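Me: I am new to this model and would like to learn how to read its features one at a time. Please give me the general idea each time, and then the case at hand.

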Amino acid sequence: MIALTISMMQIQGQNYNNLSGRGDGLNVITTAVPFLIIAPDARAGAMGDAGVSSSPDVYSMHWNPAKYAVFEKDMSLGLSYSPWLRNLVPDMNLAYLAFSKRIDNMSTVAATLRYFSLGDIQFTNDAGVEQGVYRPNEWALDATYSRKLTENLSGAVAGRFIYSNLTQGQFVQGAETSAGISVAADVAVYWAKDVNWFRDISANFAWGVNISNIGNKLGYSKTSIKKDFIPTNLRFGPTLSLELDDYNTIAFSLDVNKLLVPTPPIYKRDNEGNPIPIPGTDKYEIESGKDNDVNVVPGMLQSFYDAPGGFSEEMRELSLAFGTEYWYNKVFALRGGFFYEDKTKGNRKFFTLGAGLRYNVFGLDFSYLIPIDSRNNPLQNTLRFALTFDLGAAGKK
């Protein structure tokens with residue numbers, strides 16, 4: 001229901017040039033199809049949503065597809081499921097299907113399907129008359145080719161088709177709506193190497209960079225040319241893995257995220273608090289910041305320097321994810337993590353816990369989210385479950 005409300009606001013907001021900038025310190029960047037940045041799997045979900053440089057698995061598409069090139073399985077299949085925002089909507093959920101297949105010692109292909117259902121929702125028209133019960137949904141289909149570039153460095157490109165059918169063709173504010181469609185690409189690199197940093201402990205250091213969802217804007221209205229950015233995101237960070245002995249290993253990961261989407265400017269207001277229009281245009285006078293009604297590539301570049309609050313606000317747009325993973329005998333795992341987002345940019349702050357089990361070709365993972373402020377928090381009691389089938393080792397790479 002919340003996501004549907006947001007989509008309606010986006011459709012209506014197109015008539016007002018998306019005036020979302022505020023002058024009270026809160027200046028959250030909003031995008032279409034935010035389901036694309038929800039952590040889809042239980043392993044990384046238990047590590048505070050950190051995964052850009054963790055060891056590869058079949059769910060690497062979301063975090064860093066370049067990791068597939070060094071994935072140690074010949075073929076792998078994964079299915080993840082998460083009830084979502086159940087404190088608000090009882091039947092909202094996210095499902096994720098992933099598949100990877102090694103081509104040779106240097107390269108791997110993979111594909112994923114992400115499906116987000118908003119549950120059953122009663123639609124009404126502008127007059128409040130019921131129009132029927134619908135099940136809005138969104139999905140994205142991905143494919144990637146990942147290849148080792150050097151002994152320690154791998155790279156990947158991924159393509160993505162995005163379909164968002166939130167309004168089911170209903171009329172909103174007299175405007176006919178349609179499903180939103182977009183295509184996007186990811187570009188990623190991953191580097192990992194054994195290091196001799198500790199006297200009696202084998203260690204591996206890795207880092208990764210992933211720019212995801214580089215794609216065209218998306219809209220839901222047939223009568224307006226105004227569209228919203230999709231969540232183009234920069235993710236980077238390191239992982240240090242320690243092999244304590246023959247049975248015990250532990251890894252520590254850090255992810256830094258930044259949306260490569262323009263920050264809304266602060267608009268000038270008249271004495272009655274209304275934005276001041278620029279004569280002869282459909283735009284409004286800007287008090288601070290930059291016009292965010294730009295194309296995709298200029299918007300990506302502008303996102304590094306356009307915050308109305310200057311450098312300090314740009315730094316507040318970085319979110320941090322810390323995660324740790326402990327394995328006993330490569331069979332049983334315990335995980336924990338913490339995610340931080342500034343209060344003026346969304347204010348998501350939560351701890352995560354989880355566990356994993358591997359037996360023969362089967363794997364089972366579980367995660368649980370604990371928000372710092374649990375009072376009516378929609379993320380409270382978020383669970384994720386994942387089942388994995390690893391079919392054969394890839395051999396020495």
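**Reading the features**

Reply: Let us begin with accessibility: lysine 268 counts as partly exposed because its relative accessibility is 34%, where buried means under 20% relative accessible area, exposed over 50% and partly exposed in between, with a 1.4 Å probe and protein chains only. Please keep in mind that this is a predicted model, in which local features need pLDDT of at least 70 and side-chain atom pairs count only at pLDDT 80 or more, while totals for chains, interfaces and linings use all residues. Residues are numbered from 1 along each chain as its sequence is written, and side-chain values use heavy atoms, with hydrogens and water left out.

Me: With which residue does lysine 268 form a salt bridge?

Reply: In general, side chains of opposite charge can pair when their charged atoms come close. The rule here asks for a side-chain nitrogen of Lys or Arg within 4 Å of a carboxyl oxygen of Asp or Glu, and by it the count comes to 18 salt bridges. The partner of lysine 268 is glutamate 285, with 3.8 Å between the closest N and O atoms. Both residues lie in the loop between β14 (266-267) and β15 (286-288), yet they are 17 residues apart and so link distant parts of the chain, where strands (E, at least two residues) and helices (H or I, at least four) are DSSP runs numbered from the N terminus. Glutamate 285 is partly exposed, with a relative accessible area of 29%.

Me: Which strands hold arginine 235 and aspartate 255?

Reply: These two side chains meet in a salt bridge of 3.4 Å, N to O. Arginine 235 belongs to strand β12 (residues 233-243) and aspartate 255 to strand β13, so the pair ties together parts that are 20 residues apart in sequence. Arginine 235 is buried at a relative accessible area of 8%, and aspartate 255 is buried at 0%. Another case is glutamate 341 with arginine 348, whose closest N and O atoms are 3.0 Å apart; here glutamate 341 counts as buried at 11% relative accessibility, whereas arginine 348 is partly exposed at 31%. Salt bridges can also join up, as in the network that links Arg43, Asp57, Glu325, Arg335, Arg358 and Asp365.

Me: Which residues of strand β16 are on its covered face, and which on its uncovered one?

Reply: In strand β16 (residues 319-328), Ser319, Ala321, Gly323, Glu325 and Trp327 make the covered face, while Leu320, Phe322, Thr324, Tyr326 and Tyr328 make the uncovered one.

Me: How many bridges join β16 to strand β17?

Reply: Two strands pair if DSSP finds at least two bridges between them. Between β16 and β17 (residues 332-340) there are 9 bridges, and the two run antiparallel; tyrosine 326, for example, has leucine 334 in β17 as its bridge partner. These strands form a hairpin with 3 residues between them, and asparagine 329 in the turn has a positive phi of about 55°. Strand β13 (residues 248-259) also runs antiparallel to β16, joined by 10 bridges, among which valine 256 has leucine 320 as its partner in β16.

Me: How many aromatic pairs does the structure hold?

Reply: Rings of Phe, Tyr and Trp (its six-membered ring) pair if their centres lie within 6.5 Å, and planes under 30 degrees apart count as stacked, over 60 as edge-to-face and the rest as tilted. The structure holds 13 such pairs. In one of them, phenylalanine 338 and phenylalanine 351 have ring centres 4.9 Å apart and planes at 45°, so the pair is tilted. Phenylalanine 338 lies in β17 and phenylalanine 351 in strand β18 (residues 349-359), so parts 13 residues apart in sequence are tied together. Phenylalanine 351 counts as partly exposed at 44% relative accessibility. Elsewhere, ring pairs link Trp191, Trp197, Phe205 and Trp207 into a cluster.

Me: Where is asparagine 213?

Reply: Asparagine 213 is in strand β11 (residues 202-215), and its phi is near 60°, a positive value in a residue other than glycine. This asparagine is buried, with a relative accessible area of 3%. Asparagine 381, also not a glycine, has a positive phi of about 65°, but its place is in the loop between β19 (362-371) and β20 (383-393), and it is partly exposed at 41%.
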